[in-house]
Amino acid sequence: MKILVCVTSVPDTTAKISFTDGDTKFNKAGVTYITGPYDDYALSRAVELKEQHGGTVTVLNVGEADAEPVIRKCLAIGADDAIRVNSEATDSYFVASQIASIAAQEKYDLILMGRESIDFNSGVVHGLVAEMLGIPSLSPVMKLNIEGTTAKITREIEGGKEDLEASLPLVLGCQEPIAEWKIPNMRGIMTARTKPLKVVEPVGEGLTSTDKYQLPAPKGACKMIPAENAEELITLLKTEAKVL
């Protein structure tokens, strides 16, 4: 079974975020990058499936050279090889078109990725890739097992869960608890240095969809109201917070 896992290189959730050039560009200075957390779940499940059924796991990233430490970590976790599309990930459609172009050539049985990245949170790339390839897409997938050419899936829906079966090939957007995150061991880190990482040029051009960035509004002051003074609390919720 050939599995493709698409990963994003995103700022660490503890990073201090700022912008430059009149808030039109993200400031990368001093920012630590990590694998997208949802992509970590996808990769972990892919490695487990490879161990169960045999086959290969390829990691794909659309990004510049500074994403290679993240890619090498994925190789250390258990991926067999990696591909980096040498371009900034400018928008969802552009990223999807790069993934679809490579997937169409390589004929993967299963394409896994996170349900969304944690930087732009668009959550549409898996659907776009599937449409471009003419195959089904499901998300967010919480459980995945493979029996022959059939995928048995549990995904989250509004108000509950849904169990499905679908034939390979598929594109799936993954989330917890599909697998436990894997931490690379020393042997994995050493072997990752020699695993192939192919760099290819992008096809087509991106359409930048962000004109300007803006930080969330700072949190307002907190007022403490004595527990016995419920009337004052209700008045403030009506007149100041305006939530009642």
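Good morning. The protein contains 6 helices and 13 strands, where helices (H or I, at least four residues) and strands (E, at least two) are DSSP runs numbered from the N terminus. What we have here is a predicted model, in which local features need pLDDT of at least 70, side-chain atom pairs count only at pLDDT 80 or more, and totals for chains, interfaces and linings use all residues. Residues are numbered from 1 along each chain as its sequence is written, and side-chain values use heavy atoms, with hydrogens and water left out.

Let me begin with the whole chain. The C-alpha trace spans about 65 × 45 × 40 Å along its principal axes. Of the 244 residues, 39% are buried, that is, under 20% relative accessible area with a 1.4 Å probe, protein chains only. Taking contacts (heavy atoms within 4.5 Å) between residues at least 6 apart in sequence, 69% join residues at least 24 apart.

I turn now to helix 4. Which residues of helix 4 are buried? In this helix, residues 125-133, they are Val-125, His-126, Val-129 and Ala-130. Seen down the helix axis, these buried residues fall within an arc of 130°, so they line one face of helix 4; the arc is that of the directions from the helix axis to the C-beta atoms. As a general point, an α-helix has 3.6 residues a turn, so residues three or four places apart point the same way.

What covers these buried residues includes helix 3 (92-106), together with strand 8 (110-114), strand 9 (137-147) and strand 12 (170-174). Finally, just after helix 4, Gly-134 takes a positive phi of about 75°. Thank you.

Notes: Buried < 20%, exposed > 50% of the residue type's maximum accessible area, 1.4 Å probe, protein only.
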